[in-house]
Amino acid sequence: MLKKSEGIICVLMCFIISNCASRGNTPLQIENVHNEFSNVKLMQPLSDAVRYLGLEKGAAFSLSDIDADIIIVQIFSMYCPKCQSDAENVNEFYRLINEEELSIKMVGIGFANSDFEVAIFKKKFNISFPLFPDPYGDAARELQAYSTPYFLVAKKTDDGTFEAIYTKEDKMGRPRSFLKTVLLKAKE
Amino acid sequence: MGLMIKKYVIFIIMIMNVTILSADTITLEDGIFVGEKAKTVDSELKVAVGDKAPDFSLTTIDGKAISLNDYKGEKNVAISFVPAAWTPVCSGQWPGYNIVQDIFDEYNTILLGITVDNIPTLYAWTKAMGEIWFPVLSDFYPHGEVADRYGVLRSDGVSERALFIIDKKGIIRYIDVHDINVRPPLETLIAELKKVENKK
């Protein structure tokens with residue numbers, strides 16, 4: 001028979017190993033993402049999105065124009081079952097980041113989705129943050145997103161450029177856990 | 001010594017259980033088979049807009065028999081033929097239709113999804129998409145008979161990526177035999193449904 005302490009150690013090791021075995025976290029594909037952010041041009045958002053993202057009114061903008069300490073980019077598709085089932089988590093995450101002291105802004109880019117399809121997704125899942133179409137997949141390719149859902153987290157550096165600090169090629173999962181990861185990476 | 005061995009055996013069994021439990025079940029995305037790009041269209045239509053739609057009776061993944069004529073006088077019918085389960089474009093197309101049931105309802109239309117795959121294959125594939133609201137029918141045996149009747153059976157035995165809209169009188173109102181490698185735009189389908197229902 002195992003001693004009680006040995007049994008507890010076994011169980012703890014199993015939890016540790018199972019967490020290590022879970023997938024989702026991916027090595028950073030790109031680091032200095034500022035050029036990529038500058039190259040991703042998105043169509044003019046509606047006025048509430050202009051205010052939220054801190055943009056000047058005008059035509060297309062780049063991700064690098066967004067006024068924020070941290071930018072979270074979600075690459076999604078209306079046709080992606082994982083994106084559909086993860087929408088609630090993503091919405092909750094958006095709610096949480098609005099309570100943070102750091103200025104964390106979020107946008108979604110619909111990979112190979114038209115304006116119509118992005119609007120369907122936004123309405124169906126009651127998405128509050130700005131979503132943009134990427135009908136030819138140019139933005140997704142620029143950000144090296146090859147599947148959906150995909151999350152890229154970038155932090156503004158002292159010289160005003162953005163550097164990628166975290167990427168995830170899977171569902172967001174638990175919002176608080178994702179936020180914790182984002183905040184930890186931002187401090188590194 | 002025996003106690004040490006017992007401890008290690010228990011430990012190894014626990015690790016194996018954890019490994020098995022940690023393994024993710026196969027998701028839709030995991031199961032996708034990526035083949036080579038196919039010839040855009042590889043069939044000849046046997047029907048045209050304005051024709052009476054050929055009737056058919058196929059079995060759903062739930063084991064029910066559905067005939068096109070079941071809907072005559074009741075609903076418009078949108079038929080989505082897709083080439084094959086567990087392939088990239090098809091696996092993106094139906095999950096999109098799966099979240100717009102309200103739009104099909106708005107235009108009094110039932111969507112029927114048809115492939116030449118057998119029922120177990122279709123069952124596994126559509127389960128991976130989540131709960132599908134529309135009937136999914138197997139055109140497996142006689143192989144591709146319905147697809148062939150409409151003129152959308154390709155030479156390699158799969159169907160085209162084709163959309164048909166049939167009105168409540170059983171008349172074909174719209175046909176799109178699409179590039180098999182490309183997902184048809186949803187807005188085009190919706191616009192055509194709107195025309196059939198005469199809505200602005």
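**The core and its surroundings**

Guide: The largest nonpolar core holds 109 residues. The residues with the most contacts inside this core are A:Leu63, A:Val73, A:Met106, B:Phe56, B:Trp125, B:Tyr150 and B:Phe164. Helix α4 (residues 81-97) of chain A gives the largest share, seven residues. Keep in mind that this is a predicted model.

Stay with chain A's helix α4 for a moment. A:Asp86 sits in this helix. Its relative accessible area is 1%, so A:Asp86 is buried. Which residues does A:Asp86 touch, leaving aside its neighbours within four places in sequence? They are A:Phe151, A:Lys171, A:Met172 and A:Gly173. A:Met172 is 86 residues away from A:Asp86 in sequence, yet their C-alpha atoms are 6.8 Å apart. A polar atom of the A:Asp86 side chain lies 3.4 Å from the backbone nitrogen of A:Gly173.

Next, the cysteines. Over all chains, the structure holds one disulfide. It joins A:Cys80 to A:Cys83, with 2.5 Å from S to S. The link of A:Cys80 and A:Cys83 is right-handed, with 80° about the S-S bond. A:Cys80 has a relative accessible area of 4% and is buried. A:Cys83 also counts as buried, at 1% relative accessibility. B:Cys90 is in no disulfide, and the nearest cysteine sulfur, that of A:Cys80, is 16 Å away. B:Cys90 has 1% relative accessibility, so this residue counts as buried.

Now chain B. Setting aside neighbours within four places in sequence, the contacts of B:Phe56 include B:Ile66, B:Leu68, B:Ile79, B:Leu112 and B:Ile114. B:Leu137, B:Val146 and B:Tyr150 are also among them. B:Ser67 and B:Arg149 are in contact with B:Phe56 too.

The sheet of chain B comes next. Seven strands form an open sheet in the order β2-β1-β5-β4-β3-β6-β7, and the pairing is mixed. The edge strands of chain B are β2 (65-67) and β7 (172-178), each pairing on one side only. From one strand to the next, the twist averages 30°. Strand β6 (residues 161-166) of chain B runs antiparallel to β7(B), and six bridges join them. B:Ala162 has B:Val177 in β7(B) as its bridge partner.

Two helices of chain B meet these strands. Helix α4 (residues 119-129) of chain B packs on the sheet. This helix touches β1 (57-60), β4 (109-115) and β5 (136-138) of chain B. Its direction makes about 155° with that of β5(B). Helix α6 (residues 186-196) of chain B lies across β3 (76-81), β4, β6 and β7 of chain B. This helix runs at about 15° to β6(B).

Finish with the backbone. Most peptide bonds are trans, and most residues other than glycine have a negative phi. Here are the exceptions to look at. The peptide bond from A:Thr148 to A:Pro149 is cis, with omega near -5°. A:Pro149 is in the loop between α6 (138-142) and β6 (150-156) of chain A. A:Gln144 lies in the loop between α6 and β6 of chain A. A:Gln144 has a positive phi of about 55°, although it is not a glycine. With a relative accessible area of 22%, A:Gln144 is partly exposed.

In chain B, a cis peptide bond joins B:Tyr141 and B:Pro142, with omega about -5°. B:Pro142 is found in the loop between β5 and α5 (145-150) of chain B. B:Trp86 has a positive phi, near 60°. The loop between β3 and α2 (88-97) of chain B holds B:Trp86.

Notes: Residues are numbered from 1 along each chain as its sequence is written. Chains are lettered from A and ligands numbered from 1 in the order in which they are written. This is a predicted model: local features need pLDDT of at least 70, side-chain atom pairs count only at pLDDT 80 or more; totals for chains, interfaces and linings use all residues. Side-chain values use heavy atoms; hydrogens and water are left out. A nonpolar core is a set of buried Ala, Val, Leu, Ile, Met, Phe, Trp, Tyr and Cys residues joined through side-chain atoms within 4.5 Å. Buried means under 20% relative accessible area, exposed over 50%, partly exposed in between (1.4 Å probe, protein chains only). Helices (H or I, at least four residues) and strands (E, at least two) are DSSP runs, numbered from the N terminus. Contact means heavy atoms within 4.5 Å. Two strands pair if DSSP finds at least two bridges between them. Axes are lines fitted to C-alpha atoms, for helices over the stretch in contact, and angles run from 0 to 180 degrees between N-to-C directions. A polar contact is a pair of N or O atoms within 3.5 Å; within protein, one must be able to donate a hydrogen and the other to accept it, and residues adjacent in sequence count only if both atoms are side-chain atoms. A disulfide is a pair of cysteine sulfur atoms within 2.5 Å.
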